[in-house]
Amino acid sequence: MALPGRSGPPSPPVLTSHDAELRTAARHLARRRFLTVAAAAAALAFTTNRPARGTFAAPRLDAARITRDPFTLGVASGDPLPGSVLIWTRLAPVPFEPDGGLGQERVEVSWEVAADEGFVLVVRAGTAEAHPEYAHSVRVDVPGLDPDSHYYYRFRTGSWISPTGRTRTAPAAGDDTASLRLAAVACQAYHDGYYTAHGHLAREDVDVVFHLGDYLYEYAVDSAGGARGYTDVVLPSVFHRETTTLADYRMRYALYKSDPDLRAVHAAHPFVVTWDDHETENNYAGAVDENGSDPAQFLARRAAAYRAYWENQPLRAGQLPDGPDAQLFRRLRWGTLAQFDILDTRQYRDDQAYGDTPHVPGPESDDPARSLTGDAQERWLIGGWGASAALWNVMPQQVCFSQRRLDLNARAKLSMDAWDGYRANRARLIAGARAAGVANWMVLTGDVHVGYAFDIKDDFDDPDSATLGTELTCTSVASGGNGAQRPANWDTYTRANPHLRFYDGRRGYVTVELGRENARADFRIVPVVTTPGAPVSTAASFVTEVGSPGLTPV
């Protein structure tokens, strides 16, 4: 979703040696016009700075020489499995510098995982190295943990000890666990307001948090932090431009993670993350950016954005980008209770139809060859449903899956950026879910900066058609500013879309408790984000019964 913030000429970008290699590769590819986009992507993977190259060449810094707290960006954990969980930190004693204040030296970091917050019962410990090639990020896939158990973790380097994080493992495969409580969040434009919702979520009792994209925005942030209106802090001018280089993206993550509420929620709960568009560039589609740039040039930018994303998120090595490509779609399970199929709806999609403007469906948008997921991800998803033994099949993804008519005309305009712009792809997924016998299907969505609750219909144009599942859109943490309970289009949307059961335009998140008999969703909202400290409340709650799709207000 587009936000304001591109006015005025950008200041000169900060470049690192990695950026120089990315741009050299882009220029080389731009000269070779005969290359297809696929070939350009493949070539970039082999001509940009591969993470493995030079990893052991950097000299080691004596950690005793680090005189400022290197754990300014906090800690995080993610993607819990029955016997392991990924723990993360990134060393940055001077977080708003391109190298984080550590230069090009590697740093040894020790880590420990304990059964108690006081670290009396340490169950796993070891050392890892923070390499400059990875922006001094550290990730440890901690093995040998007990299933369905809570743990505490921390890092240490020199005399410095990180904040303590709390995490957990998933239940064992085949375990008939009774319940799971999750939260879904998205869209946290720093310049649009405070992360008050994250602060409240940090204190909620949830097992896992799904971040559905727009973790970072590429737009400029002024010296006052935009709508935050700082009077006691002056942000450096390095943030007052759009992110385009690896150094830009790395420092922008440092800015976002400087927010104490974001650090708190990461420390409190394991995250499962996926990206949308703004982690790279607004509304990009595959190798096509919104400005119609040379694909080779954009793929160089995408490579930088993907690299910085992996460096700053609790993701395993399997998600490490290879140039401009990354395997982000993946599957997690919670015993026999739930299967989570986490999608990537940006990297493989065809360009938006009709110039990416709201449009009635037509031959361009309804071309059966067009795809939002790409063929491989579509086959993986439908195949996974066929093999699933889970009670709930949950699909965390980015853009509105259900039909969303934008006006009251007989042939209404639809969003070309959402699944409405890729209806043939959506129809194949609906048919695949039906063929696989997916009885309890739930879609978790971000992107649109509002809270929606939809019944997923077999035929969205027929309100009496079968309800196949539930879609919950989690609103934004900050993007869009304070919002309103009933936005200006509330009446139009609710009348035009009878399967839309709830619509609220305020900021917040959604929590979902999955059980053996039903699932309950609570839409949690904060009234304002342009000033800190707003309270949280529940705007609405719904239940959907096992074996009987459809939302019932409670």
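**Aromatic pairs and buried rings in a predicted model**

Ring pairs join Y190, Y194, Y195, Y230 and Y256 into a cluster. The model is predicted, so local features need pLDDT of at least 70 and side-chain atom pairs count only at pLDDT 80 or more, while totals for chains, interfaces and linings use all residues. Residues are numbered from 1 along each chain as its sequence is written, and side-chain values use heavy atoms, with hydrogens and water left out.

User: What makes Y195 and Y256 an aromatic pair, and why is the pair called tilted?

Analyst: Rings of Phe, Tyr and Trp (its six-membered ring) pair if their centres lie within 6.5 Å, with planes under 30 degrees apart counted as stacked, over 60 as edge-to-face and the rest as tilted. By this rule the count comes to 25 aromatic pairs. Y195 and Y256 lie 6.4 Å centre to centre with 50° between the planes, so they form a pair and that pair is tilted.

User: Which parts of the chain does this pair tie together?

Analyst: Y195 lies in the loop between strand 9 (179-185) and helix 3 (196-202), and Y256 lies in helix 4 (residues 246-257), so the pair ties together parts that are 61 residues apart in sequence. Helices (H or I, at least four residues) and strands (E, at least two) are DSSP runs, numbered from the N terminus.

User: How do you know whether Y195 and Y256 are buried or exposed?

Analyst: Buried means under 20% relative accessible area, exposed over 50% and partly exposed in between (1.4 Å probe, protein chains only). Y195 has a relative accessible area of 0% and Y256 also has 0%, so both count as buried.

User: What makes R228 a charge over the face of a ring?

Analyst: A charge sits over a ring if NZ of Lys or CZ of Arg is within 6 Å of the ring centre and within 35 degrees of the ring normal. R228 lies over the face of Y195 at 4.8 Å from the ring centre, and R228 also lies over the face of Y194, at 5.0 Å.

User: Why is H499 called buried, and where does H499 lie?

Analyst: H499 has 5% relative accessibility, and therefore counts as buried; H499 lies in the loop between helix 9 (490-496) and strand 18 (500-504).

User: How confident is the predictor in the chain?

Analyst: pLDDT is the predictor's confidence in each residue, from 0 to 100. The mean pLDDT of the chain is 92, and 90% of its residues reach 70 or more, although over residues 25-51 the pLDDT is below 50.

Conventions: Contact = heavy atoms within 4.5 Å.
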